[in-house]
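Open the structure in your viewer and keep the selection tool ready. The tour goes from stop to stop, with something to select at each one.

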Amino acid sequence: MKTEFSLAQLANPDIAEADKILRACVHCGFCTATCPTYVLLGDELDSPRGRIYLIKEMLEKDRPPTKEVVKHIDRCLSCLACMTTCPSGVNYMHLVDQARVRIERDYRRPWTERLLRAALAWILPQPALFRASMILARLGRPLTGLLPAPKATSKAATGSPTLLRRINAMLALAPMSLPAPGPAGGSVFPAIGERRGRVALLQGCAQQVLAPRINQAAINLLTRHGVEVVLVRDEQCCGALTHHLGRDDAALGFARANITAWLAEAERGGLDAILVTTSGCGTVIKDYGFMLREDRDFAAAAAKVSALAKDITEYVGGIDLKPAQPRGDIVVAYHSACSLQHGQKITQAPKELLSKNGFVVKDVPESHLCCGSAGTYNILQPDIANKLRDRKVANIAMVKPDMIAAGNIGCMVQIAGGTSVPVVHTIELLDWATGGPRPGLN
Ligand code: SF4
Ligand code: SF4
(Lines give C-alpha, C1' and ligand atoms only; values in the text may rest on other atoms or scores of the structure.)
(Ligands and ions follow the chains in the order given, each with its own letter.)
Protein backbone atom coordinates (compact mmCIF):
# COMPACT_ATOMS: atom_id res chain seq x y z
CA MET A 1 0.00 0.00 0.00
CA LYS A 2 1.40 3.38 -1.00
CA THR A 3 1.71 5.86 1.86
CA GLU A 4 2.19 9.62 1.84
CA PHE A 5 3.68 10.54 5.18
CA SER A 6 5.89 13.62 5.21
CA LEU A 7 9.51 13.43 6.31
CA ALA A 8 8.58 15.35 9.44
CA GLN A 9 5.91 12.75 10.25
CA LEU A 10 8.31 9.89 9.61
CA ALA A 11 10.70 11.33 12.20
CA ASN A 12 8.19 10.10 14.78
CA PRO A 13 9.13 6.44 15.50
CA ASP A 14 5.46 5.44 15.87
CA ILE A 15 4.58 6.89 12.48
CA ALA A 16 7.67 5.27 10.95
CA GLU A 17 6.44 1.95 12.33
CA ALA A 18 2.92 2.55 11.02
CA ASP A 19 4.37 3.41 7.61
CA LYS A 20 6.29 0.12 7.54
CA ILE A 21 3.15 -1.83 8.47
CA LEU A 22 0.93 -0.03 5.96
CA ARG A 23 3.40 -0.56 3.15
CA ALA A 24 3.35 -4.30 3.78
CA CYS A 25 -0.39 -4.47 3.11
CA VAL A 26 -1.21 -5.33 -0.52
CA HIS A 27 -4.97 -4.94 0.11
CA CYS A 28 -5.65 -8.47 -1.10
CA GLY A 29 -8.52 -8.86 1.38
CA PHE A 30 -7.67 -12.42 2.46
CA CYS A 31 -7.95 -11.24 6.06
CA THR A 32 -11.61 -10.33 5.69
CA ALA A 33 -12.62 -14.01 5.55
CA THR A 34 -11.45 -14.72 9.09
CA CYS A 35 -12.35 -11.41 10.73
CA PRO A 36 -15.21 -12.01 13.20
CA THR A 37 -16.72 -8.55 12.80
CA TYR A 38 -16.69 -8.77 9.01
CA VAL A 39 -18.17 -12.26 9.17
CA LEU A 40 -21.00 -10.95 11.39
CA LEU A 41 -21.59 -7.48 9.97
CA GLY A 42 -20.46 -7.81 6.35
CA ASP A 43 -19.24 -4.21 6.25
CA GLU A 44 -15.82 -3.59 4.66
CA LEU A 45 -15.15 -0.93 7.30
CA ASP A 46 -15.56 -3.62 9.95
CA SER A 47 -12.89 -5.75 8.28
CA PRO A 48 -9.11 -5.57 8.83
CA ARG A 49 -8.56 -4.09 5.37
CA GLY A 50 -11.22 -1.45 5.92
CA ARG A 51 -9.79 -0.55 9.31
CA ILE A 52 -6.29 -0.35 7.87
CA TYR A 53 -7.54 2.24 5.35
CA LEU A 54 -9.26 4.21 8.11
CA ILE A 55 -6.12 4.20 10.26
CA LYS A 56 -3.93 5.17 7.29
CA GLU A 57 -6.19 8.12 6.51
CA MET A 58 -6.27 9.24 10.14
CA LEU A 59 -2.50 9.05 10.60
CA GLU A 60 -1.52 10.48 7.21
CA LYS A 61 -3.85 13.45 7.44
CA ASP A 62 -2.87 13.87 11.07
CA ARG A 63 -6.39 14.90 11.99
CA PRO A 64 -8.59 13.94 14.94
CA PRO A 65 -10.50 10.69 14.41
CA THR A 66 -14.11 11.03 13.30
CA LYS A 67 -17.05 9.37 15.00
CA GLU A 68 -17.20 6.90 12.10
CA VAL A 69 -13.54 5.91 12.44
CA VAL A 70 -13.93 5.45 16.20
CA LYS A 71 -17.00 3.25 15.71
CA HIS A 72 -15.19 0.81 13.43
CA ILE A 73 -11.95 0.72 15.43
CA ASP A 74 -13.93 0.21 18.66
CA ARG A 75 -15.67 -2.76 17.06
CA CYS A 76 -12.33 -4.47 16.40
CA LEU A 77 -11.76 -7.23 18.97
CA SER A 78 -7.95 -7.14 18.64
CA CYS A 79 -8.35 -10.90 18.20
CA LEU A 80 -5.55 -10.87 15.59
CA ALA A 81 -7.15 -13.54 13.40
CA CYS A 82 -6.26 -11.21 10.53
CA MET A 83 -2.56 -11.51 11.36
CA THR A 84 -2.72 -15.29 11.16
CA THR A 85 -4.43 -15.11 7.77
CA CYS A 86 -2.42 -12.30 6.20
CA PRO A 87 0.08 -13.66 3.63
CA SER A 88 2.12 -10.42 3.72
CA GLY A 89 2.89 -10.42 7.43
CA VAL A 90 1.06 -7.15 8.16
CA ASN A 91 1.42 -6.39 11.88
CA TYR A 92 -2.15 -5.25 12.42
CA MET A 93 -1.70 -5.46 16.21
CA HIS A 94 0.84 -2.65 16.36
CA LEU A 95 -1.22 -0.57 13.94
CA VAL A 96 -4.52 -0.85 15.80
CA ASP A 97 -2.75 -0.34 19.15
CA GLN A 98 -1.46 2.95 17.78
CA ALA A 99 -4.90 3.90 16.48
CA ARG A 100 -6.46 3.29 19.89
CA VAL A 101 -3.87 5.54 21.55
CA ARG A 102 -4.58 8.25 18.97
CA ILE A 103 -8.35 7.94 19.54
CA GLU A 104 -7.92 8.12 23.30
CA ARG A 105 -5.78 11.24 22.91
CA ASP A 106 -7.67 13.15 20.20
CA TYR A 107 -11.31 12.06 20.32
CA ARG A 108 -13.83 13.27 22.88
CA ARG A 109 -16.28 10.47 23.60
CA PRO A 110 -19.70 11.11 25.13
CA TRP A 111 -19.41 11.57 28.91
CA THR A 112 -21.11 8.23 29.65
CA GLU A 113 -18.47 6.39 27.63
CA ARG A 114 -15.65 8.38 29.20
CA LEU A 115 -16.99 7.53 32.63
CA LEU A 116 -17.36 3.82 31.88
CA ARG A 117 -13.92 3.50 30.28
CA ALA A 118 -12.30 5.41 33.13
CA ALA A 119 -14.03 3.13 35.64
CA LEU A 120 -12.88 -0.01 33.81
CA ALA A 121 -9.31 1.27 33.56
CA TRP A 122 -9.31 2.07 37.28
CA ILE A 123 -11.08 -0.99 38.69
CA LEU A 124 -9.94 -3.93 36.59
CA PRO A 125 -6.20 -3.69 37.28
CA GLN A 126 -6.77 -3.65 41.04
CA PRO A 127 -7.90 -7.02 42.43
CA ALA A 128 -9.30 -5.55 45.68
CA LEU A 129 -11.42 -3.03 43.79
CA PHE A 130 -12.41 -5.63 41.23
CA ARG A 131 -13.54 -7.98 43.99
CA ALA A 132 -15.64 -5.22 45.57
CA SER A 133 -17.16 -4.35 42.19
CA MET A 134 -18.07 -8.02 41.59
CA ILE A 135 -19.89 -8.12 44.92
CA LEU A 136 -21.77 -4.94 44.02
CA ALA A 137 -22.55 -6.30 40.57
CA ARG A 138 -23.96 -9.46 42.10
CA LEU A 139 -26.28 -7.37 44.26
CA GLY A 140 -27.32 -5.51 41.12
CA ARG A 141 -28.06 -8.63 39.09
CA PRO A 142 -31.82 -8.60 39.79
CA LEU A 143 -31.91 -5.32 37.87
CA THR A 144 -30.80 -6.91 34.62
CA GLY A 145 -34.42 -7.59 33.62
CA LEU A 146 -35.13 -3.85 33.82
CA LEU A 147 -32.19 -2.85 31.62
CA PRO A 148 -32.15 -2.95 27.80
CA ALA A 149 -31.23 -6.39 26.41
CA PRO A 150 -28.57 -6.91 23.71
CA LYS A 151 -29.64 -6.12 20.17
CA ALA A 152 -29.32 -8.38 17.18
CA THR A 153 -26.35 -7.33 15.07
CA SER A 154 -26.76 -6.96 11.35
CA LYS A 155 -25.40 -5.02 8.44
CA ALA A 156 -27.66 -2.24 9.58
CA ALA A 157 -26.13 -2.13 13.06
CA THR A 158 -25.37 1.50 13.84
CA GLY A 159 -23.94 3.54 16.67
CA SER A 160 -22.54 2.36 19.96
CA PRO A 161 -24.39 0.40 22.59
CA THR A 162 -25.91 2.63 25.27
CA LEU A 163 -24.49 2.87 28.78
CA LEU A 164 -27.47 0.90 30.16
CA ARG A 165 -26.88 -1.98 27.73
CA ARG A 166 -23.24 -2.03 28.73
CA ILE A 167 -24.12 -2.03 32.42
CA ASN A 168 -26.51 -4.90 31.72
CA ALA A 169 -23.67 -6.83 30.06
CA MET A 170 -21.39 -6.13 33.02
CA LEU A 171 -23.97 -7.37 35.54
CA ALA A 172 -24.57 -10.52 33.50
CA LEU A 173 -20.85 -11.36 33.66
CA ALA A 174 -20.66 -11.12 37.47
CA PRO A 175 -20.46 -14.57 39.11
CA MET A 176 -23.04 -15.68 41.70
CA SER A 177 -20.27 -16.18 44.27
CA LEU A 178 -16.58 -15.47 44.59
CA PRO A 179 -13.96 -17.94 45.83
CA ALA A 180 -11.61 -17.07 48.71
CA PRO A 181 -8.52 -15.12 47.56
CA GLY A 182 -5.44 -17.13 46.60
CA PRO A 183 -1.93 -16.68 48.01
CA ALA A 184 -0.48 -13.16 48.15
CA GLY A 185 2.46 -11.70 46.26
CA GLY A 186 5.72 -12.58 47.97
CA SER A 187 4.70 -16.24 48.44
CA VAL A 188 7.23 -18.89 47.44
CA PHE A 189 6.25 -22.50 46.74
CA PRO A 190 9.31 -24.74 47.00
CA ALA A 191 9.86 -27.61 44.61
CA ILE A 192 8.97 -31.03 45.92
CA GLY A 193 12.07 -33.20 45.76
CA GLU A 194 15.08 -32.14 43.74
CA ARG A 195 14.73 -28.60 42.38
CA ARG A 196 14.92 -28.53 38.58
CA GLY A 197 13.77 -25.00 37.93
CA ARG A 198 12.52 -21.72 39.36
CA VAL A 199 9.81 -19.58 37.82
CA ALA A 200 7.67 -16.54 38.53
CA LEU A 201 3.93 -17.02 38.01
CA LEU A 202 1.91 -13.96 36.98
CA GLN A 203 -0.84 -13.46 39.54
CA GLY A 204 -3.23 -11.76 37.14
CA CYS A 205 -5.93 -9.27 38.13
CA ALA A 206 -9.39 -10.56 37.25
CA GLN A 207 -8.22 -14.17 37.35
CA GLN A 208 -6.99 -14.06 40.94
CA VAL A 209 -10.44 -12.83 41.99
CA LEU A 210 -12.62 -15.01 39.76
CA ALA A 211 -10.63 -18.25 39.69
CA PRO A 212 -7.57 -18.50 41.97
CA ARG A 213 -7.88 -22.27 41.44
CA ILE A 214 -6.17 -21.85 38.05
CA ASN A 215 -2.87 -20.61 39.44
CA GLN A 216 -3.22 -23.07 42.31
CA ALA A 217 -3.35 -25.89 39.75
CA ALA A 218 -0.25 -24.47 38.04
CA ILE A 219 1.57 -24.27 41.39
CA ASN A 220 0.54 -27.84 42.28
CA LEU A 221 1.72 -29.24 38.97
CA LEU A 222 4.97 -27.30 38.84
CA THR A 223 6.10 -27.97 42.41
CA ARG A 224 5.17 -31.65 42.05
CA HIS A 225 7.53 -31.77 39.08
CA GLY A 226 10.46 -30.08 40.82
CA VAL A 227 9.88 -26.44 39.89
CA GLU A 228 9.92 -23.71 42.54
CA VAL A 229 7.22 -21.09 41.99
CA VAL A 230 7.40 -17.47 43.12
CA LEU A 231 4.56 -14.97 43.23
CA VAL A 232 6.57 -11.81 42.91
CA ARG A 233 5.91 -9.07 45.45
CA ASP A 234 5.03 -5.66 43.98
CA GLU A 235 3.90 -7.22 40.71
CA GLN A 236 1.05 -5.26 39.13
CA CYS A 237 -1.48 -5.68 36.35
CA CYS A 238 0.31 -6.58 33.11
CA GLY A 239 -1.28 -3.50 31.49
CA ALA A 240 -3.24 -5.39 28.82
CA LEU A 241 -6.61 -3.93 29.71
CA THR A 242 -5.46 -0.31 29.77
CA HIS A 243 -3.35 -0.93 26.65
CA HIS A 244 -6.42 -2.10 24.74
CA LEU A 245 -8.36 0.92 25.99
CA GLY A 246 -5.71 3.11 24.36
CA ARG A 247 -4.39 4.32 27.73
CA ASP A 248 -0.77 3.70 27.00
CA ASP A 249 0.70 5.87 29.75
CA ALA A 250 -1.01 3.66 32.32
CA ALA A 251 -0.11 0.45 30.45
CA LEU A 252 3.55 1.42 30.15
CA GLY A 253 3.60 2.38 33.83
CA PHE A 254 2.43 -1.13 34.72
CA ALA A 255 4.98 -2.64 32.35
CA ARG A 256 7.87 -0.69 33.89
CA ALA A 257 6.81 -1.61 37.44
CA ASN A 258 6.61 -5.30 36.52
CA ILE A 259 9.91 -5.32 34.69
CA THR A 260 11.57 -3.81 37.76
CA ALA A 261 9.94 -6.31 40.12
CA TRP A 262 10.60 -9.40 37.97
CA LEU A 263 14.20 -8.58 37.17
CA ALA A 264 14.89 -7.84 40.85
CA GLU A 265 13.51 -11.30 41.65
CA ALA A 266 15.62 -12.85 38.88
CA GLU A 267 18.66 -11.12 40.38
CA ARG A 268 17.82 -12.39 43.88
CA GLY A 269 16.93 -16.02 43.26
CA GLY A 270 17.17 -16.68 39.53
CA LEU A 271 14.20 -17.14 37.19
CA ASP A 272 14.01 -19.58 34.28
CA ALA A 273 10.78 -18.07 33.06
CA ILE A 274 7.86 -15.77 33.85
CA LEU A 275 4.83 -18.00 33.44
CA VAL A 276 1.42 -16.77 32.46
CA THR A 277 -1.87 -18.69 32.76
CA THR A 278 -3.93 -15.92 31.13
CA SER A 279 -2.96 -15.76 27.48
CA GLY A 280 -4.33 -12.25 27.01
CA CYS A 281 -1.75 -11.04 29.54
CA GLY A 282 0.97 -13.23 28.01
CA THR A 283 0.57 -11.65 24.59
CA VAL A 284 1.11 -8.17 26.02
CA ILE A 285 4.05 -9.14 28.25
CA LYS A 286 5.70 -10.74 25.22
CA ASP A 287 5.24 -7.37 23.52
CA TYR A 288 6.84 -5.29 26.32
CA GLY A 289 10.09 -5.28 24.33
CA PHE A 290 8.32 -3.55 21.43
CA MET A 291 6.18 -1.29 23.60
CA LEU A 292 9.24 0.10 25.41
CA ARG A 293 11.67 0.03 22.49
CA GLU A 294 12.11 3.81 22.57
CA ASP A 295 12.61 3.99 26.33
CA ARG A 296 16.34 4.21 26.91
CA ASP A 297 16.06 3.18 30.55
CA PHE A 298 13.82 0.19 29.97
CA ALA A 299 14.26 -1.06 26.38
CA ALA A 300 16.86 -3.74 27.16
CA ALA A 301 15.13 -4.86 30.37
CA ALA A 302 11.77 -5.01 28.60
CA ALA A 303 13.23 -7.19 25.84
CA LYS A 304 14.69 -9.47 28.51
CA VAL A 305 11.33 -9.82 30.26
CA SER A 306 9.55 -10.51 26.95
CA ALA A 307 12.04 -13.28 26.25
CA LEU A 308 11.45 -14.78 29.71
CA ALA A 309 7.63 -14.70 29.38
CA LYS A 310 6.02 -18.02 28.52
CA ASP A 311 2.54 -19.38 28.42
CA ILE A 312 2.15 -22.11 31.02
CA THR A 313 1.67 -24.76 28.30
CA GLU A 314 4.93 -23.75 26.59
CA TYR A 315 6.83 -24.36 29.81
CA VAL A 316 4.95 -27.48 30.89
CA GLY A 317 5.52 -28.93 27.41
CA GLY A 318 9.22 -29.04 28.27
CA ILE A 319 8.70 -30.99 31.50
CA ASP A 320 8.62 -34.75 31.65
CA LEU A 321 5.18 -35.02 33.27
CA LYS A 322 4.48 -37.88 35.65
CA PRO A 323 2.54 -40.73 33.99
CA ALA A 324 -1.08 -39.89 33.42
CA GLN A 325 -3.73 -41.52 35.54
CA PRO A 326 -6.48 -43.17 33.47
CA ARG A 327 -9.58 -40.98 33.41
CA GLY A 328 -11.92 -42.87 31.13
CA ASP A 329 -12.88 -41.24 27.86
CA ILE A 330 -13.38 -37.63 28.88
CA VAL A 331 -14.05 -35.61 25.75
CA VAL A 332 -12.53 -32.13 25.97
CA ALA A 333 -13.44 -29.42 23.48
CA TYR A 334 -10.31 -27.29 23.27
CA HIS A 335 -11.13 -23.61 22.83
CA SER A 336 -8.09 -21.91 21.36
CA ALA A 337 -8.01 -18.39 22.84
CA CYS A 338 -7.23 -15.77 20.18
CA SER A 339 -4.39 -14.38 22.27
CA LEU A 340 -2.85 -17.85 22.33
CA GLN A 341 -3.43 -18.98 18.74
CA HIS A 342 -3.14 -15.64 16.91
CA GLY A 343 -1.24 -13.51 19.43
CA GLN A 344 1.37 -16.06 20.52
CA LYS A 345 1.04 -18.66 17.72
CA ILE A 346 0.61 -21.43 20.28
CA THR A 347 -1.81 -23.86 18.68
CA GLN A 348 -0.70 -27.47 19.14
CA ALA A 349 1.10 -27.59 22.52
CA PRO A 350 -2.01 -27.37 24.75
CA LYS A 351 -3.88 -30.00 22.72
CA GLU A 352 -0.89 -32.34 22.61
CA LEU A 353 -0.42 -32.03 26.37
CA LEU A 354 -4.08 -32.86 26.99
CA SER A 355 -4.04 -35.83 24.59
CA LYS A 356 -0.80 -37.22 26.01
CA ASN A 357 -2.32 -37.03 29.45
CA GLY A 358 -5.37 -39.09 28.74
CA PHE A 359 -8.04 -36.73 27.42
CA VAL A 360 -9.91 -37.12 24.16
CA VAL A 361 -9.34 -33.71 22.61
CA LYS A 362 -11.69 -32.30 19.99
CA ASP A 363 -11.09 -29.26 17.82
CA VAL A 364 -13.97 -26.80 17.77
CA PRO A 365 -15.35 -25.88 14.31
CA GLU A 366 -14.53 -22.26 13.31
CA SER A 367 -11.89 -22.29 16.03
CA HIS A 368 -10.22 -19.23 14.46
CA LEU A 369 -13.23 -17.04 15.39
CA CYS A 370 -13.16 -15.12 18.67
CA CYS A 371 -15.64 -15.99 21.45
CA GLY A 372 -16.35 -12.28 21.96
CA SER A 373 -14.59 -11.86 25.29
CA ALA A 374 -11.56 -9.82 24.18
CA GLY A 375 -10.68 -7.99 27.40
CA THR A 376 -13.41 -5.43 28.04
CA TYR A 377 -15.04 -5.98 24.64
CA ASN A 378 -17.95 -8.00 26.04
CA ILE A 379 -18.82 -5.00 28.21
CA LEU A 380 -18.19 -2.26 25.65
CA GLN A 381 -19.66 -4.08 22.63
CA PRO A 382 -22.15 -6.51 24.18
CA ASP A 383 -24.27 -7.00 21.05
CA ILE A 384 -21.43 -8.29 18.88
CA ALA A 385 -19.85 -10.13 21.83
CA ASN A 386 -23.07 -12.03 22.57
CA LYS A 387 -23.45 -13.05 18.94
CA LEU A 388 -19.91 -14.37 18.89
CA ARG A 389 -20.41 -16.20 22.17
CA ASP A 390 -23.57 -17.90 20.90
CA ARG A 391 -21.80 -18.91 17.70
CA LYS A 392 -18.84 -20.26 19.68
CA VAL A 393 -21.07 -22.20 22.07
CA ALA A 394 -23.03 -23.71 19.15
CA ASN A 395 -19.77 -24.78 17.51
CA ILE A 396 -18.53 -26.30 20.77
CA ALA A 397 -21.80 -28.21 21.18
CA MET A 398 -21.17 -29.90 17.83
CA VAL A 399 -18.30 -31.94 19.30
CA LYS A 400 -20.44 -33.03 22.27
CA PRO A 401 -17.81 -32.43 24.96
CA ASP A 402 -17.83 -33.43 28.61
CA MET A 403 -15.69 -30.38 29.37
CA ILE A 404 -14.35 -27.29 27.63
CA ALA A 405 -10.70 -26.32 28.12
CA ALA A 406 -9.23 -22.88 27.48
CA GLY A 407 -6.10 -20.97 28.44
CA ASN A 408 -7.60 -17.57 29.16
CA ILE A 409 -9.95 -16.52 31.97
CA GLY A 410 -11.77 -14.01 29.76
CA CYS A 411 -12.77 -16.73 27.30
CA MET A 412 -13.70 -19.07 30.15
CA VAL A 413 -16.14 -16.56 31.67
CA GLN A 414 -17.54 -15.60 28.28
CA ILE A 415 -18.17 -19.18 27.14
CA ALA A 416 -19.49 -20.29 30.53
CA GLY A 417 -22.15 -17.58 30.15
CA GLY A 418 -23.70 -19.53 27.27
CA THR A 419 -23.38 -23.20 28.19
CA SER A 420 -23.88 -25.61 31.06
CA VAL A 421 -20.82 -27.69 30.01
CA PRO A 422 -18.06 -27.15 32.60
CA VAL A 423 -15.35 -24.75 31.41
CA VAL A 424 -11.90 -25.30 32.92
CA HIS A 425 -8.37 -24.13 32.32
CA THR A 426 -5.99 -26.44 30.45
CA ILE A 427 -3.60 -26.44 33.41
CA GLU A 428 -6.37 -27.65 35.74
CA LEU A 429 -6.88 -30.72 33.56
CA LEU A 430 -3.13 -31.37 33.37
CA ASP A 431 -2.81 -31.03 37.13
CA TRP A 432 -5.70 -33.45 37.61
CA ALA A 433 -4.24 -35.93 35.13
CA THR A 434 -0.87 -35.92 36.86
CA GLY A 435 -2.04 -36.41 40.41
CA GLY A 436 -3.86 -33.21 41.38
CA PRO A 437 -7.49 -32.78 42.42
CA ARG A 438 -10.40 -32.85 40.02
CA PRO A 439 -10.87 -29.28 38.74
CA GLY A 440 -13.48 -27.05 40.35
CA LEU A 441 -16.19 -27.18 37.78
CA ASN A 442 -17.71 -23.74 37.88
S1 SF4 B 1 -4.52 -10.05 4.17
FE2 SF4 B 1 -2.79 -8.75 4.80
S3 SF4 B 1 -2.09 -7.80 2.90
FE4 SF4 B 1 -4.15 -8.63 2.48
S5 SF4 B 1 -5.54 -6.89 2.91
FE6 SF4 B 1 -5.40 -8.08 4.80
S7 SF4 B 1 -3.77 -7.09 5.95
FE8 SF4 B 1 -3.56 -6.37 3.83
S1 SF4 C 1 -8.13 -8.01 15.14
FE2 SF4 C 1 -9.88 -9.43 14.82
S3 SF4 C 1 -11.69 -8.08 14.77
FE4 SF4 C 1 -9.89 -6.76 14.52
S5 SF4 C 1 -9.65 -6.54 12.31
FE6 SF4 C 1 -8.33 -8.28 12.92
S7 SF4 C 1 -9.62 -10.10 12.68
FE8 SF4 C 1 -11.00 -8.31 12.65
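Predicted model: local features only at pLDDT ≥ 70, side-chain atom pairs only at ≥ 80, totals over all residues.

Now select the members: Cys35, Pro36, Pro48, Arg51, Cys76, Leu77, Ser78, Cys79, Leu80, Ala81, Cys82 and Tyr92. Which elements give two or more residues to this shell? They are α4, residues 48-61, and α6, residues 81-85. Then look at the space itself: ligand 2 takes up the second largest cavity.

Next, select ligand 1. Where does ligand 1 sit? Its place is the largest cavity. There are 13 residues around ligand 1. Pick out the ones that come nearest: Cys25, Cys28, Gly29, Cys31 and Cys86. Color the shell around ligand 1 by class, and you get nine nonpolar residues, three polar and one charged.

Now leave the ligands for a pair of helices. Two packed helices are described by the angle between their axes and by the distance between those axes. Select helix α8, residues 111-123, and helix α10, residues 163-173. They pack at an angle of about 25°, and their axes are 10 Å apart. Angles under 35 degrees count as roughly parallel, so α8 and α10 are roughly parallel to each other.

Show the side chains where these helices meet. From α8, the contact uses Thr112, Glu113, Leu116 and Leu120. From α10, it uses Leu163, Arg166 and Met170. How does the contact of α8 with α10 divide by class? It has four nonpolar residues, one polar and two charged.

Methods: Residues numbered from 1 in each chain as written. Chains lettered and ligands numbered in written order. Heavy atoms only, no water. Near = heavy atom within 4 Å. 1 Å grid on protein atoms, 1.4 Å probe; cavity = no way out; pocket = protein on both sides within 12 Å on 5 of 7 lines; lining within 4 Å. Sits in = over half its atoms within 2 Å of the grid points. Nonpolar A, V, L, I, M, F, W, Y, C, P; charged D, E, K, R; others polar. Axes fitted to C-alpha atoms, helices over the stretch in contact; angles between N-to-C directions. Helix = DSSP H or I, 4+ residues; strand = E, 2+ residues; numbered from the N terminus. Parallel < 35°, antiparallel > 145°, perpendicular 65-115°, else oblique. Contact = heavy atoms within 4.5 Å.
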